[in-house]
Amino acid sequence: MKKKSNIIKGLKKSIPLYILLLPSAVLLFCFAYIPMYGLIIAFKDYTPGLGIMGSPWVGFKHFIKFFNSYQFGLTIKNTLSISIYGILVGFPLPIAVAILCNQIRNKKFKKFFQVTTYLPHFISTMVMCGLILIFLSPSSGIMANFCKIFGLQIPNFMASSTAFKHVYVWSDIWQHLGWDSIIYLAAISAIDPTYYEAATIDGASTLQKIRYIDLPLILPTAMILLILRAGGILSVGFEKVLLLQNTQNAMGSEIISTYVYKVGLQSFQYSLSTAIGLFNTLVNLLVLLVVNWFSKKTTDTSLI
Amino acid sequence: MKKQRRKIKKSLQERILDIIIHSIAVIMILAIIYPLWFIIIASFSNPADVATGQVWLWPKKWILDGYKELFKQASLWRSYGNTIFYTIAGTLFALFINITAGYAMSRKDMVGRKWINVYYIIPMFISGGLIPIYLVVKDFNLINSIWVMIIPFSVSSYNIIVARTFFRSNLPESLWESAQIDGCGTIRYFISFALPLSKAVIAVIGLWTAVGIWNSWFNALIYLQDETLQPLQLLLRRILISNQSLLGAATGEMAAELRRLSDMMKYASIVVSTIPIMCLYPFLQKYFNQGVMIGAIKE
């Protein structure tokens, strides 16, 4: 009896908090949860006239159609190769930059280094893609002109399906490397300085300090970020790929999300597009859980 | 004697390492600054000089034609105005939405906190996807409406978590307790105590959201077909990606001049659209840094 009245009292006290939550909860319901319900059109033949409820069920028809299509292998291959390439380069490099930055003794130079390397992060995807197209232009771009000095000619990178992933990944590195290192820099600066003092007394060199103090102590942070990245393994930066894509490099740049966009909003196959998108989300979730489980087992760090 | 030599050898090794580290740092700085500097000088140079590789560090001759032509375009001013409106309105709205939610979630005495938490986390991992979201936006009659840029996607679970973490670690519980004794309710406490003490987190989330909206274009692409409502980034898409000239088509002698001006406008448009962000950059840098830190300790 007493417990019950306690709950009622707690509820009463929580009412103003619920009021504060209301706007965001309603928006989430409308624009995140209702679309989740809309996912069932992946299992239906949706036509706008019949609506979500009225359209006939077709089971896994659209999934099977996607799995049997020519684009299935192509988009999976491209998505995975861009994504894994991106992780292989983009995961260790920020750690290296953080360690490097931490070794810079001159405070002013260190600050300057940080301010400049963070800068490109704020450039919009649109401008970034514009820069890529301008710089890599084979006729008048700065790369072409630079190579001309040495008598070399560069190929048209943007027209090549094999070069696409390199352009994508390395331009991403240019833009986000400094920014991605912030979190590791924070992890390093949180390390107890007495560790370094003890190491110095024991005669450890700088490299040894990095190897035996810095690296092991930023491992938990690194694992969390790796798990999060793995959870987006099938979600390559969609906007950038869409902007850099053209008919000549499409064989190397057609990824799942650009295909979802084309099937859905350019050829209006709503159900097929939703099925592909759902497949994408589920694979991401699965990979996230697997990597999380693996990390929990091996390094004792996990997200959930 | 032997010991001493070892010491010298070691410091030599350290010195070499130091030189390597600083060289890498300088190369990285140059690799970032040079392309940006190049865009600026190219926007003031004759495109022919740029294309033939005669502009490296300084314009051969300063020309303002690109900017002049760009500023004559009504579409630039219109889309610039749209972007400014979307950024200001969208940021204010998102701040209201996410800060209120963040505060409520920070209170440990809220009944049902665990379930509410789950409700906010799920959308971070599962999304309805392009088409289902599109259909909902359509059902709400938000296609070709300015509100689609401000309201539907303003909730950010990540920002709510950042705000929650901030409130928890920066508002002492005793403050709330003593306010309660004095008869102060939750809403009043939130407005007159919690908010004034949280300028840092408001700045972080506000700047974060503002940059995001300023740079965004995909929602505008699919939801705003009306050209008069489109933001700056979509105009840039026409200039930079689709390679369309804003000056229209021409033939003969005019065509070459037109191409020259269009090329210059490319560089100029990059500079003009990125300047506001770069002016804010010193503040952004400081607050974003803090934001990353607050976000990092969320788990």
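A:Gln175 lies in helix α9 of chain A, where helices (H or I, at least four residues) and strands (E, at least two) are DSSP runs numbered from the N terminus. The model described here is predicted, so local features are given only at a pLDDT of at least 70 and side-chain atom pairs count only at pLDDT 80 or more, while totals for chains, interfaces and linings use all residues. Residues are numbered from 1 along each chain as its sequence is written, and chains are lettered from A and ligands numbered from 1 in the order in which they are written.

Apart from neighbours within four places in sequence, A:Gln175 is in contact with A:Pro120, A:His121, A:Ile123 and A:Met128, contact being defined as C-beta atoms, placed from the backbone, within 7 Å. A:Gly252, 77 residues away along the chain, has its C-alpha atom 22 Å from that of A:Gln175.

Helix α7 (residues 125-136) of chain A packs against helix α9 (residues 164-189) of chain A at an angle of about 115 degrees, and 11 Å separate their axes. Here axes are lines fitted to C-alpha atoms, for helices over the stretch in contact, and angles run from 0 to 180 degrees between N-to-C directions. On the α7(A) side the contact involves A:Met128, A:Ile132 and A:Leu136, which meet A:Val167, A:Ser171 and A:Gln175 in α9(A). These residues divide into four nonpolar, two polar and no charged, with Ala, Val, Leu, Ile, Met, Phe, Trp, Tyr, Cys and Pro counted as nonpolar, Asp, Glu, Lys and Arg as charged, and the others, Gly among them, as polar. An α-helix has 3.6 residues a turn, so residues three or four places apart point the same way.

Helix α10 (residues 193-201) of chain A lies largely in the open, because zero of its nine residues are buried. Just after α10(A), A:Gly203 adopts a positive phi of about 80 degrees. A positive phi also occurs at A:Phe268, a residue other than glycine, with a value near 55 degrees. A:Phe268 sits in the loop between α14 (256-266) and α15 (270-299) of chain A and is exposed, since 11 other C-beta atoms lie within 10 Å.

In chain B, the loop between α6 (130-139) and α7 (157-170) holds B:Asn144. B:Asn144 is not a glycine, yet has a positive phi of about 60 degrees; it is exposed, as 12 other C-beta atoms lie within 10 Å. One of the contacts of B:Asn144 is with B:Leu224, a residue of the loop between α11 (218-223) and α12 (232-241) of chain B. B:Leu224 is buried, with 22 other C-beta atoms within 10 Å. Its contacts, neighbours within four places in sequence aside, also include B:Val148, B:Leu229 and B:Gln230.

Chain A is divided into domain 1 (2-43) and domain 2 (61-299), whose C-alpha centres lie 36 Å apart. Chain B is assigned domain 1 (2-51) and domain 2 (65-296), with 35 Å between their C-alpha centres. Five residues from domain 1 of chain B and eight residues from domain 2 of chain B make up their contact.

Between the chains, the contact takes 69 residues from chain A and 71 residues from chain B. Helix α1 (residues 2-43) of chain B supplies the largest share of the chain B side, 13 residues. By class, that side has 48 nonpolar, 16 polar and seven charged residues. The predictor gives the complex an ipTM of 0.87 and a pTM of 0.89.

How values were computed
Two residues are in contact if their C-beta atoms, placed from the backbone, lie within 7 Å. Domain bounds come from an automatic or database domain assignment. A residue is buried if 20 or more other C-beta atoms lie within 10 Å of its own, exposed if 12 or fewer, and partly exposed in between; C-beta atoms are placed from the backbone.
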